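Hi,

Here is the structure I promised to pass on.

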Amino acid sequence: MTATAHSPALHHLGGTLYAVQIPIPLPMKTVTVLIDLSSPVTLIDTSIHTPGAQQALEAALSELGLHWPDIERVIVTHIHPDHYGLAGLIEERSGASVQLLDHSVKQEKLWSDWDTQLPAQQQFFAEHGAPPNFGVGEAQTAEWVRPAARLTPLSEGQSVPLDNVEWQVLWLPGHADGHLGLWQPETGMLIAGDAILPRITPNIGLYVGGRPDPLGDYFATLEKLRALNPGRAVVGHYGPTMDGVAARAGEIWEHHLERLGELLAAVQERPRHAYDLSFVLFARELPLTGRRFAVAETLAHAEYLRLGGAIGRSLENGIWVYHS
């Protein structure tokens with residue numbers, strides 16, 4: 001009898017790989033955590049630091065005959081709370097090596113040095129027209145992450161063993177500057193994290209201290225995914241797996257081209273800051289956290305246009321305003 005028969009949340013992907021959908025307090029409802037039973041016993045992503053997520057992950061491990069001390073390695077696709085949040089707790093309870101792409105190591109300080117980083121985040125959004133209370137609620141986000149004390153960087157092109165075969169480490173920036181993927185060319189399987197998703201488009205946002213052109217990065221990632229043309233991808237949400245990756249990459253590409261057209265038309269109509277422009281791209285009412293994502297994504301599109309020479313920007317009374 002397989003582990004899937006014991007728990008509907010546990011999916012056998014073949015060989016020694018299992019996926020579990022862990023509940024998270026976010027609109028996506030769940031996040032995918034991969035468990036590899038081969039040596040070294042590995043988790044790929046950890047879910048979020050909440051009691052419910054921790055209990056669900058413990059239950060999934062128990063279904064497979066595992067407990068925290070059995071975990072030898074954690075690989076993190078990217079450092080967003082729903083993927084990195086339990087890394088520190090797992091490290092503490094198991095002694096596991098926590099590994100992530102080298103591009104993520106510096107940005108992980110957002111969590112390990114939260115009190116120092118937060119004022120810069122708030123100032124960044126203020127400079128793009130956000131109201132004074134825009135940072136309210138950030139403390140809850142910090143509670144969702146238990147940072148790891150020791151991080152082992154991985155590099156693109158490096159190989160790591162999973163399921164008793166070698167997987168290639170990929171750099172798939174856009175949704176996160178240091179987004180990691182794992183590719184197995186012989187089976188055509190990609191561990192994609194949030195680099196591509198079946199039901200929603202991954203948030204592509206510009207944040208303080210981040211790479212200057214995340215949308216340009218993401219267009220390059222979409223090109224890479226289309227060239228790889230995986231037969232199956234393990235995805236962070238709405239999975240645990242999806243097929244048709246190359247076609248989905250093309251759909252997302254067209255979506256962002258449409259967004260760029262909408263933004264360009266709005267700026268040509270009149271000069272606006274990013275907070276104002278976010279209501280052009282995301283007109284519906286959003287909670288504070290959702291509006292923050294909307295402003296960050298609007299900025300990614302505005303900067304792509306600016307860096308390409310389609311629009312300009314100027315600093316007016318301490319706020320960046322985009323203009324044609």
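Below is what turned up, starting with the ground rules.

This is a predicted model, so to speak of local features I needed pLDDT of at least 70, side-chain atom pairs count only at pLDDT 80 or more, and totals for chains, interfaces and linings use all residues. Residues are numbered from 1 along each chain as its sequence is written, and side-chain values use heavy atoms, with hydrogens and water left out.

Helices (H or I, at least four residues) and strands (E, at least two) are DSSP runs, numbered from the N terminus.

Let's begin with helix 9. It covers residues 214-228, 15 residues in total, and spans 21 Å from first C-alpha to last, close to the 21 Å expected at 1.5 Å a residue. That expected span is 1.5 Å times one less than the number of residues. Its buried residues are Pro214, Leu215, Gly216, Asp217, Tyr218, Phe219, Thr221, Leu222 and Leu225. Buried here means under 20% relative accessible area, exposed over 50%, and partly exposed in between (1.4 Å probe, protein chains only). What do the buried residues of helix 9 pack against? Their partners are strand 11 (189-193), helix 10 (245-269) and helix 12 (288-307).

Asparagine 229 sits in the loop between helix 9 and strand 12, and it counts as partly exposed because its relative accessibility is 49%. Aspartate 163 also has a positive phi, about 55°, although it is not a glycine; its place is the loop between strand 8 (159-162) and strand 9 (165-171). Most residues other than glycine have a negative phi, and most peptide bonds are trans.

On the peptide bonds, there are two cis cases to check. Serine 39 and proline 40 are joined by a cis bond with omega about 0°, and proline 40 falls in the loop between strand 3 (30-36) and strand 4 (42-44). Glycine 239 and proline 240 are joined by a cis bond too, with omega about 15°; proline 240 is in the loop between strand 12 (232-235) and strand 13 (241-242).

Now the cavities. On a 1 Å grid over the protein atoms alone, a cavity is a set of points where a 1.4 Å probe fits but cannot get out, and lining residues have an atom within 4 Å of a point. Strand 3, strand 11 and strand 12 each give two or more residues to the lining of the largest cavity, with strand 3 giving the most, at three. Among the lining residues are Thr32, Val33, Leu34, Ile191 and Val234.

Proline 153 is in strand 7 (residues 152-154) and is partly exposed, at 44% relative accessible area. Leaving aside neighbours within four places in sequence, proline 153 is in contact (heavy atoms within 4.5 Å) with Leu100, Asp102, Val105 and Gln158. Glutamine 121, in helix 7 (residues 114-126), is buried, with a relative accessible area of 14%. With the neighbours within four places in sequence set aside, glutamine 121 is in contact with Leu110 and Val208.

Cheers

How values were computed: 1 Å grid on protein atoms, 1.4 Å probe; cavity = no way out; pocket = protein on both sides within 12 Å on 5 of 7 lines; lining within 4 Å.
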